[in-house]
Amino acid sequence: SLLEDGLGDTIRVSLTEPPENEIPVAKQILNHFKNRENKHKIPSVKKSHFSPFSYKKRPTHAIFNIGGDNFPIVLVDFSLKKKITLASFFGLGYKYSPSFDKWNITDQACDYIFLGDNDIDFEIPGTVGLTYNYNKWKNIQKGNPFLKMDEYMSATSLSSKINFIYTSFYDLNQSCISKLKKDKTAVLIIKTYNNNALAEHRRIFIKLLSHNLKTPVIISRCFSKNISKDQLQISSSIDIGGLFCDGLGDGVFISNESSTRIPFLNKISFGILQATRTRISKTEYISCPSCGRTLFDLQETTEKIRSATSHLKGLKIGIMGCIVNGPGEMADADYGYVGSGIGKVTLYKGQTVVKRNIPTVNALSELINLIKEHGDWKPRIPDLEILHQNI
């Protein structure tokens, strides 16, 4: 995000992996900034109406679970799917148990699904909202309409609950803004085709702030179907994550011109919200890269700790290879697992040392006991039976 703002001359990527894996990731980050000379010019700003030096969430009014004090929502795109089945929901945080005829909802379950002109002919989880193209919605009168700005401005019939309006910076003229100010059902989904997507999206928010418009905004990015998974993950994180770090945005809508990557896009969306601390849906791990001071196999240890604790949503666990830099790098962790000698680990609660020089063979069980002693342990709930290919 700093490079996106033109700041910085050198980057260093740190992974809890062999160091040779870091250079390709650095190159993919730089790939995101290619061809910027062809970007569309973005109108200049006389007054920004927000400070880049201190975090403050843009104020919006709440529409059901969008905006206001709600955490950001995740919207996924089913408009390109040829057939929608129960199994289509499995990668979106929903699991179905045929034995109980019941849906199980995980912490990474999407909130809304854009169906376009598609239909669903089975009972869906009650927590997910459905959105249809405007003309489809007018015919079926269920779910929520998805309108282009010109459709919204000329519409004679709108939902009394939520209306999703797909718009760009150049659609938001004075007439649109005046109508939006009076409408407590409108949610904007902002799009851009600018190579400098973050800057144009930020310019939209500045325009809304300058008019004191408190309509909730979902940030939308559509990527080519030819983009690699790794590049898609990096580019969407830069474009969208930077805005959430600015306090801008009430939801995420990432699409890829491909119906096969929907679960992957859902996972990225929740990952961006987790990384920007705007919606916590999983355990957070703070881990250092391997170096000459690392006193245990960092990859293997991190995976063991992750396997044992990945169900502890909201907990931050630091896994550090040495006592030199580890405590400082994991300063905001709830618990710390730090190498303190050959075959020895020291455990932390926050920044306080709790147990010193534990043999590595006992360290994971001691970490779990420490988490239990402080009341942060929860039993792992077994997954419900999932019916796959035969649904």
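Arg-277 is partly exposed, with a relative accessible area of 41%, the term covering values between buried (under 20%) and exposed (over 50%), with a 1.4 Å probe and protein chains only. The structure is a predicted model, in which local features need pLDDT of at least 70 and side-chain atom pairs count only at pLDDT 80 or more, while totals for chains, interfaces and linings use all residues. Residues are numbered from 1 along each chain as its sequence is written, and side-chain values use heavy atoms, with hydrogens and water left out.

A salt bridge, defined as a side-chain nitrogen of Lys or Arg within 4 Å of a carboxyl oxygen of Asp or Glu, joins Arg-277 to Asp-332 at 3.9 Å, N to O. Asp-332 lies in the loop between helix H9 (326-329) and strand S13 (335-341) and Arg-277 in the loop between helix H7 (262-275) and strand S11 (284-287), so the pair ties together parts that are 55 residues apart in sequence; helices (H or I, at least four residues) and strands (E, at least two) are DSSP runs, numbered from the N terminus. Asp-332 also forms a salt bridge with Lys-316, the closest N and O atoms being 3.6 Å apart, and Arg-277, Glu-284, Lys-316 and Asp-332 are linked in a network of such bridges. Lys-316 is buried, at 19% relative accessible area, whereas Asp-332 is partly exposed at 40%.

The structure holds 15 salt bridges, including that of Asp-250 with Arg-58, whose closest N and O atoms are 3.8 Å apart. Both Asp-250 and Arg-58 are buried.
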